[in-house]
Amino acid sequence: MTIRIFLDLDKLHFVVSGLRHRARLARVPGAGDSVTMLCGLVDVVEYTTSAEQMVTTCWTCDLHYRRSLGFTIPPTHPGLKTGSASPRRRPYTASSKTSGAEQ
């Protein structure tokens, strides 16, 4: 019997230098594939089992994601302020790690 793992590509987040990003994905990427985040950052996928670290939200990715879904964006959204990282921190653990590939 074969076990299949189904991943919701819309739920995958990428962590680069402590920032949690989003990307539009057509498939799950392989190690070494380049991924372009919604904020424009491009980086190479690496799968890891590293220890916990604190991760902040990339508000630019969050803003693009919310706009793509048609959400109303409040004027106080941090992504509207250029170059702002998130003051909101969330523990990043091995169980929350995911990866994906660009479209």
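1. His77 sits in the loop that runs between helix H1 (59-68) and strand S6 (85-92). The model is a predicted one. At a relative accessible area of 6%, His77 is buried, because the limit for that word is under 20%.

2. What does the side chain of His77 meet? It makes a polar contact of 2.7 Å with the side chain of Asp62. A polar atom of the His77 side chain also lies 2.8 Å from the backbone nitrogen of Gly79. Leaving aside residues up to four places away in sequence, His77 touches Trp59, Asp62, Leu63 and Arg66.

3. Arg66 forms a salt bridge with Asp62, and the closest N and O atoms are 2.7 Å apart. Both residues belong to helix H1, and because they are 4 residues apart there, about one helical turn separates them.

4. How many salt bridges does the model contain? The count comes to 2. Besides the pair in helix H1, there is a salt bridge between the side chains of Arg27 and Asp33, at 3.2 Å from N to O. Arg27 is partly exposed, with 44% relative accessibility. Asp33 is also partly exposed, with a relative accessible area of 23%.

5. On the surface there is a nonpolar patch formed by Ile3, Ile5, Leu7, Val28 and Tyr47. Together these residues have about 550 Å² of accessible area. One of them, Ile5, is found in the segment before strand S1 (14-16). Ile5 is exposed, because its relative accessible area of 71% falls in the range over 50%.

6. Glu46 belongs to the loop between strand S4 (42-44) and strand S5 (53-58). Its relative accessible area is 62%, so Glu46 is exposed.

7. A remark on confidence. The protein chain has a mean pLDDT of 80, and 77% of its residues reach 70 or more. Residues 86-103 have a pLDDT below 50, and this stretch has 63 contacts in the model beyond near neighbours in sequence.

How values were computed:
Residues numbered from 1 in each chain as written. Heavy atoms only, no water. pLDDT = per-residue confidence, 0-100. Contact = heavy atoms within 4.5 Å. Helix = DSSP H or I, 4+ residues; strand = E, 2+ residues; numbered from the N terminus. Buried < 20%, exposed > 50% of the residue type's maximum accessible area, 1.4 Å probe, protein only. Polar contact = N/O pair within 3.5 Å; in protein donor to acceptor, adjacent residues only side chain to side chain. Patch = residues over 30% accessible without salt bridge, like charges linked within 9 Å, V, L, I, M, F, W, Y side chains within 5 Å. Areas by Shrake-Rupley, 256 points an atom, 1.4 Å probe, with all protein chains shown as cover. Salt bridge = Lys/Arg side-chain N within 4 Å of Asp/Glu carboxyl O.
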